[in-house]
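Me: Please take a close look at one part of this model for me, and go through it slowly. I would like each cut-off spelled out as you reach it.

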Amino acid sequence: VSSRDTAAPDFGKFYEFELAGQIRRATLIVGDRQAARDLVHDSFADVFQRWTDVREPGPYLNTVVLNRCRDQLRRDKRRSRGGYQPVLNDHAEHEPLWDALQALPFNHRAALALRFHEQMTDREIAETLGCRIGSVGPWIQRGLTKLRMDLS
Amino acid sequence: MNDLESRLTAVMQRKANEADVSIDSRFRTGDVPTVPVQDVRTFTHRWVRPALGLAAVVVLVVALVAVSTRHDPGTQTPGGGSTSTVPQLNVTTNPGPLMTTSFTPDQAPLVLIDQPGWAITYVHGTDDLPLGDLSTDRLILVGDGPRYDAPSFQAWSVTPPQGYDLTSYGQPVSIGSISARIDERATDPDTGLSGPVISLAWELGNGRLANISAVRIPRESLLGIAAALDFSSTTPTLPPTPGFTKVDITAPPTWLTFEYQYAQGKQTVQLDGANFGVLSLLSNMGGEVRTTRTVDGTAIAFRPLPNEPGRYRADWQLGRWAYYVDAQGFSSEDEFLAMLGKLKVTTPEEFTSFAAALNPLVPGDRLPLVQELEQGIQLPSNTPTAEWPVSAVASTRSEFEFRFYFGIGCGWKNAWLAADTANDPNAKAAALAGVQSILTKLGDPQSGVATLPSELSTAMQSGNRDAVSQQGSNDCPTWSDGLGT
């Protein structure tokens with residue numbers, strides 16, 4: 001990374017274009033509106049710092065946001081184990097399907113969000129998550145199976 | 001689509017619609033939203049901030065790798081402890097008010113709020129961050145007058161992204177014979193404080209762009225200053241400008257940052273610190289218009305937020321350390337300023353006691369923990385330590401523990417991939433055994449700390465290279481001399 005210098009206008013448009021979709025995606029994956037908004041803005045900060053070096057900022061932002069979602073879930077898991085409760089908790093409302101979705105591993109949850117909210121194909125999901133196309137189907141099926149088990 | 005899938009689609013649609021997609025208040029809004037370069041760091045300063053992101057993970061693994069490369073692999077046995085030594089610590093042991101206590105750049109203060117009822121809810125620190133992220137190739141001027149009411153000026157050059165179109169930015173303006181673009185705002189949209197806040201950009205003719213960011217400098221004066229700039233060297237230069245002083249932005253020996261969060265009832269406070277002097281300060285303040293307040297004789301840049309009742313922000317700089325506070329739930333400005341006066345630099349012992357619920361690691365605690373974490377696990381051949389870097393900042397045991405095992409797991413992942421490439425089944429089995437030794441040590445494979453080792457173990461047992469390769473994703477280091485390579 002040569003520097004975080006960049007020209008503002010292009011990034012402003014990029015931010016405006018990507019913001020809502022990225023936050024919605026992150027919200028579905030991490031299950032917490034505030035955390036999703038924060039991690040997406042942190043991701044924009046990452047992209048901004050590398051703006052002059054990134055030729056395709058969209059896919060790069062996708063990767064950064066998903067990595068931060070993954071990191072957030074790991075952190076939530078650790079905190080949950082340690083009895084830690086966030087200062088601001090976004091889970092005031094509980095519904096079984098949503099709660100069951102939040103209990104899934106990252107890959108399953110992300111694949112389900114990309115399929116059932118963004119209507120992506122297996123190939124698109126694989127490209128977005130950076131995985132083999134053959135992994136997508138099993139993740140979705142395992143995720144759905146686990147949801148059925150949890151709801152039964 | 002079956003019933004479950006339909007319900008899933010519906011609940012996701014509803015939850016997505018509930019997402020908070022508003023533009024961050026620190027972004028300027030308008031027809032063409034812009035993000036001044038120096039504002040970008042403020043995105044990361046907010047409540048319930050995720051503990052550590054990719055960069056921090058990389059920092060830790062960098063530390064692991066840095067350590068590993070100093071080790072003689074022949075002296076390490078699986079399960080053996082570190083033979084580390086403890087370098088001299090640089091943590092202050094002189095308690096006092098944060099507002100009036102200066103530190104050298106290699107000292108990170110441990111801070112608490114010295115008022116009954118306050119608890120610390122988050123502790124995080126980073127060290128050895130790559131200084132490349134903070135370019136010193138920048139000309140910074142501050143004007144005469146009260147420090148945070150005074151004009152400020154920054155100039156630097158950038159290489160724009162491919163396809164960049166300068167004409168999409170702001171309005172056209174002429175600087176002598178130069179055709180430039182200007183974005184001007186009379187007031188700060190969040191605080192209502194008078195600016196102007198002006199950004200200027202023009203093409204330098206060598207593929208780079210000149211950038212100017214200024215606060216409280218009238219347009220015509222700014223254009224005059226801009227016309228005198230010389231961009232022929234990496235850092236722009238300017239003849240002495242009456243009413244302005246050039247600011248020294250020498251890099252510190254090590255870039256340190258810390259982040260503490262506190263709570264008392266509905267009141268919350270976030271305190272960040274960074275040791276890069278005025279660059280750290282301006283990274284937080286950016287193009288925001290501030291005004292000066294004084295706490296215990298120290299001038300602070302105060303940022304009222306009339307549209308967010310109860311919320312106050314402030315920045316200040318003492319020596320090489322710049323501080324940033326974001327507070328919520330305060331009934332008045334006076335109450336907020338009084339709280340700032342209660343920020344107290346404390347000793348490692350008192351800090352440990354104050355933050356006991358978080359199981360903190362203060363500088364000096366890391367080595368014994370590493371020795372404890374190493375016990376009973378197998379390490380990649382070039383991992384172990386001859387010397388463990390002592391952090392100059394505070395963190396928590398759980399986060400360090402997670403990153404330690406994450407780093408070791410990444411090392412075994414790389415070892416497995418190398419063995420797979422070499423078609424060496426024995427080395428692959430050794431890598432799997434190494435990962436499983438972590439799980440055995442942790443006991444609970446479902447624990448958060450065990451996330452990567454657990455998933456890695458499953459992937460390794462499947463024999464699927466792609467499945468192993470994607471573990472750790474981009475969080476694992478990619479350098480060639482890393483763990484297990």
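Reply: Happy to! Two strands count as paired if DSSP finds at least two bridges between them; strands (E, at least two residues) and helices (H or I, at least four) are DSSP runs, numbered from the N terminus. This is a predicted model, where local features need pLDDT of at least 70, side-chain atom pairs count only at pLDDT 80 or more, and totals for chains, interfaces and linings use all residues. Residues are numbered from 1 along each chain as its sequence is written, chains are lettered from A and ligands numbered from 1 in the order in which they are written, and side-chain values use heavy atoms, leaving out hydrogens and water.

The part I would pick is a sheet in chain B. Seven strands form this open sheet, in the order 6-7-8-9-5-4-10, and their pairing is antiparallel. Strand 6 (171–175) and strand 10 (244–246) of chain B are the edge strands; each has a single partner strand, so one side of each has no neighbour in the sheet. On average, neighbouring strands of this sheet are turned by 25° against each other, direction ignored (axes are lines fitted to C-alpha atoms, for helices over the stretch in contact, and angles run from 0 to 180 degrees between N-to-C directions).

Strand 6 of chain B pairs with strand 7 (residues 178–187) of chain B through five bridges, in the antiparallel sense. For B:Pro172, the bridge partner in strand 7 of chain B is B:Arg181. Strand 8 (residues 194–203) of chain B holds another proline, B:Pro196. The peptide bond between B:Gly195 and B:Pro196 is cis, with omega about 0°.

B:Asn359 is not a glycine, yet its phi is positive, at about 55°.

How far does the predictor trust all this? The average pLDDT (its confidence in each residue, from 0 to 100) of chain B is 75, and 74% of the residues score at least 70. Within chain B, helix 5 (residues 333–341) has the highest confidence, with a mean of 97, and helix 2 (residues 54–68) the lowest, at 32. Residues 129–134 of chain B stay under 50 in pLDDT, and the model gives them 20 contacts (heavy atoms within 4.5 Å) beyond four places in sequence. Residues 384–388 of chain B are also below 50, with 30 contacts in the model beyond near neighbours in sequence. For the complex, the predictor gives an ipTM of 0.81 and a pTM of 0.60.

How values were computed
pLDDT = per-residue confidence, 0-100.
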